There are 2 protein chains.
Amino acid sequence: MTVEELDLLFNPRSVAVIGATDKKEKWFGSNITKNALSFQGEKYLINKNETEVFGFETYKSIKDIPNPIDTVAIVIPAPSVPAVMEDCAEKNIKTAVIITAGFKEADEEGERLQEESTRIARRAGIRFVGPNCVGIFNTESNFGLTPYLLTKRGNIGLISQSGNLGGYMIRRGSDRGLGFSKFISSGNEADLNFVDYLEYLARDPNTKVIAAYIEGLKDGRHFLEVAKNVTKEKPVVVLKVGRTGSGSKAARSHTGALAGSDSIYDAAFKQTGVLRVEEIEDLFDVAAAFTRQPTPRGKNVGVLTIGGGFGVIAADACERCGLSLPQLSPQTIEEIDRVLPSRWPRSNPVDMVGEGSLEVYQIIDALFGTDDIDSIITSGGIGFLSSTTSGEEHARLMKIELEMMEGLMRRMDEEKKPLILAALSRNLELIKELEKRGLFAYPTPERAVKVLSYMVKRGEYLREDYD
Amino acid sequence: MTVEELDLLFNPRSVAVIGATDKKEKWFGSNITKNALSFQGEKYLINKNETEVFGFETYKSIKDIPNPIDTVAIVIPAPSVPAVMEDCAEKNIKTAVIITAGFKEADEEGERLQEESTRIARRAGIRFVGPNCVGIFNTESNFGLTPYLLTKRGNIGLISQSGNLGGYMIRRGSDRGLGFSKFISSGNEADLNFVDYLEYLARDPNTKVIAAYIEGLKDGRHFLEVAKNVTKEKPVVVLKVGRTGSGSKAARSHTGALAGSDSIYDAAFKQTGVLRVEEIEDLFDVAAAFTRQPTPRGKNVGVLTIGGGFGVIAADACERCGLSLPQLSPQTIEEIDRVLPSRWPRSNPVDMVGEGSLEVYQIIDALFGTDDIDSIITSGGIGFLSSTTSGEEHARLMKIELEMMEGLMRRMDEEKKPLILAALSRNLELIKELEKRGLFAYPTPERAVKVLSYMVKRGEYLREDYD
């Protein structure tokens, strides 16, 4: 039931902004209004005091709009929200996004206002996001009720229990070339809550990976039930804060909700196959990999490097993260012998001793072909050859290198072995092309290894679960 | 003595490249030749087979050059190196950089060639870098004998015991806006070794921080003696790999040198005040902060955030890294009360509840002024106001915000309290201006906290040492 209601919220035919404004100093209101105005469907602006906003005619009240409205954004001061909810009820609105802050998170009066607004909504059957949030977006329909710019389309569904962090994640994700399918800033969760969004994203065909920032969950039992099913279909990667005493104290003063014992969360995530990361950057790193890469069958990694240093760093990181670097089989050594000069050390990490031009693609292919290796991390080599040339020769080599990579991506899918790129040479052109195809490069070997360790964890969970 | 010899190497009046080439497929040789040709002093190219390289007349042998030569780069195959060293001895060359690989790291014959070349050099009093390295540079004199592009000038002196990682660090550092004073790829360290470079950088007035990638040190006792003195003057930040079994195995197969017991290294670093980081990215993060920031007096951190989420993440990270978030004093609360709306939660992290425009500068100033706080981490706010405007208004606000930051940097120096910027709003223009002034912003709160924890460690070491 909730899923259908949420669908109206993310795919409305008509929207209205209550509290629409073009005043720059009202950063939230003016940016939400701008985003609403760029919506392809019907849109309406409501402002009690102005007759025009951004040159667009306004209504005094939602009740004055002659046509039906699927969803509304509310960006007016908290004390006016209950009355506006009554208007929405009269107008038979079914979904809303309450951006406004100053509710339960602020003080007792705010708590009262939140309860009153929620009571009105419940009675009228209005489902709402927030309050005290930065809204939602759906890149598929280029629709957003949020002050932030919509990202490019992508496969990551993002839920954030913090508004400012939600905004930050959209910015940082975009800077890293990631695209999102849907974004939800859940705010105080007076009505719709984290688990509703999780359930919705689980069924959303445009979402391949669910990433979330969590401060505290209200209904642990419901979460366990839903998460267990969702992770069978899609990876769920979360940053749950409040791990330490200082952190949970800060979380309490932020959202008011008790963070709960961290070890209980940890157990719940483990039990349901939810991947809990340590740092905010890991959330993007891991989600990015899952948008395109297969889940590995085991923890045996083949590391490929243009020179020794990377290999050593990657080997250290693998052991730290519980991954193994198996010896290479005689057959694999023989295959690599064919492309590398005799001084290569015939061990894993495979040190290309500086010979990483087109050889790198052949060696990756050899590693895909052997059963001893479940996944590959490669540093350097890829894109190096074309990066040293210019003009026609550059274009010719770029084409060759890109074709080689496309071939390897097909191999990656066939063999179900991730291919994680780290610390590539500075061929930004090729890196952008690979990003377009869903293959993201990590700036350091340690981050590549960390990402892979989460993928291995997911593989282990899925096998345990089905065994 | 070694220091004067090294000075000739980094500040020569004349250089020669033995094995100069303009053949693109010889990536090392052609790039080193290009770098040498852009040197302001006298330069000579030596190539047995070509009469011209990049349109520049060549000599058949170093002995044919009529003028004295301060330093040479050697980029010819290993078997020819001993004979060329004999020529250098005859020519009375005093310093050299042997780029060539295929020595001790390769096989027994290589080991023999390395020993022979070293014997000749010792006899003739030639001090040399390498072999099997990617050379050196000195940005002050725009001089480099390396295949890599020189970075912009800066205060970080970088030593790498891995060539490819050296190149990567230059690239990655440059991408991050960092400048280096000097760079040394130490290679097989047949003559000059890590400790010589450490000693040299310690006395180099352009180097404020020494950063290093270490696989293994040959003379532990010498390192201890030197490092203990260097760290009194300058921060030394190292990534020592081979922490794990897999890592030290990979290091052995890379440089041949035994990595040694990791716990011995750990103890040596601790004893001498060398800061050992965990990941390659930390090396830049920490070095960047030390180029400009004061060392904090204690571990009490004031965290400032535009919204709650960041504060929670930062609080978790602080506790994880051994930093404290003290309660704010009544006086500090009163000062912040004057600029924030009454709903701010009056605790540390200081949540600006979205009001982070010019208030942020006043709050930072208040935190500088209280004895309970030894350093400040701030997320968001800075640069936000000007980022929302354009045209003249933007220029006016940019000027105001930059002046505010310059004032805070003066306060930072007076109070000896670091000001660490994290996850700022997307005002790249202001971020660039701050970078020019030596203040680097970190993309995530966790990384900012980690950097600060190393600064606190250095402060503790210096106080212990002097007490």
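Where is Phe54(B) found? Phe54(B) sits in the loop between strand 3 and strand 4 of chain B, where helices (H or I, at least four residues) and strands (E, at least two) are DSSP runs numbered from the N terminus. I'll come back to that residue in a moment.

Some housekeeping before that. This is a predicted model, where local features need pLDDT of at least 70, side-chain atom pairs count only at pLDDT 80 or more, and totals for chains, interfaces and linings use all residues. Residues are numbered from 1 along each chain as its sequence is written, chains are lettered from A and ligands numbered from 1 in the order in which they are written, and side-chain values use heavy atoms, with hydrogens and water left out.

Okay, back to Phe54(B). With a relative accessible area of 34%, Phe54(B) is partly exposed; buried means under 20%, exposed means over 50%, and partly exposed is in between, using a 1.4 Å probe and protein chains only. Setting aside neighbours within four places in sequence, Phe54(B) is in contact with Thr21(B), Asp22(B), Ser30(B), Thr33(B), Lys34(B) and Leu37(B), contact being heavy atoms within 4.5 Å. As for Val195(B), 141 residues apart from Phe54(B) along the chain, the two C-alpha atoms are separated by 37 Å.

Now have a look at helix 2 of chain B, residues 27-37. That helix is mostly covered, with eight of its eleven residues buried. Among the buried ones are Ser30(B), Thr33(B) and Leu37(B), and those three are also on the contact list of Phe54(B). What do the buried residues of helix 2 of chain B pack against? They pack against strand 1 (14-18), strand 2 (42-46), strand 3 (52-53), strand 4 (56-59), strand 5 (71-74) and strand 9 (143-145) of chain B.

Next, the two chains together.

Chain B puts in 59 residues and chain A puts in 59 residues. Between them they bury about 4600 Å², 56% of it on carbon and sulfur atoms; buried area is the accessible area (1.4 Å probe) that two parts lose on being put together, summed over both. Val312(B), Asp316(B) and Arg426(B) supply 13% of the area that chain B buries against chain A, more than any other three residues.

How many salt bridges are there between chain B and chain A? The count is zero, a salt bridge being a side-chain nitrogen of Lys or Arg within 4 Å of a carboxyl oxygen of Asp or Glu. Helix 11 of chain B gives the largest share of the side that touches chain A, ten residues.

Over all chains, though, the salt bridge count comes to 66. Take Asp70(A) and Arg13(A), with their closest N and O atoms 2.9 Å apart. Asp70(A) is in the loop between strand 4 and strand 5 of chain A and Arg13(A) in the loop between helix 1 and strand 1, so the pair ties together parts 57 residues apart in sequence. Asp70(A) is buried at 8% relative accessible area, while Arg13(A) is exposed at 60%.

Then there's Arg396(B) with Glu393(B), at 3.2 Å, N to O. Both lie in helix 15 of chain B, three residues apart, about one turn of the helix. Arg396(B) is partly exposed at 45%, and Glu393(B) is partly exposed at 36%.
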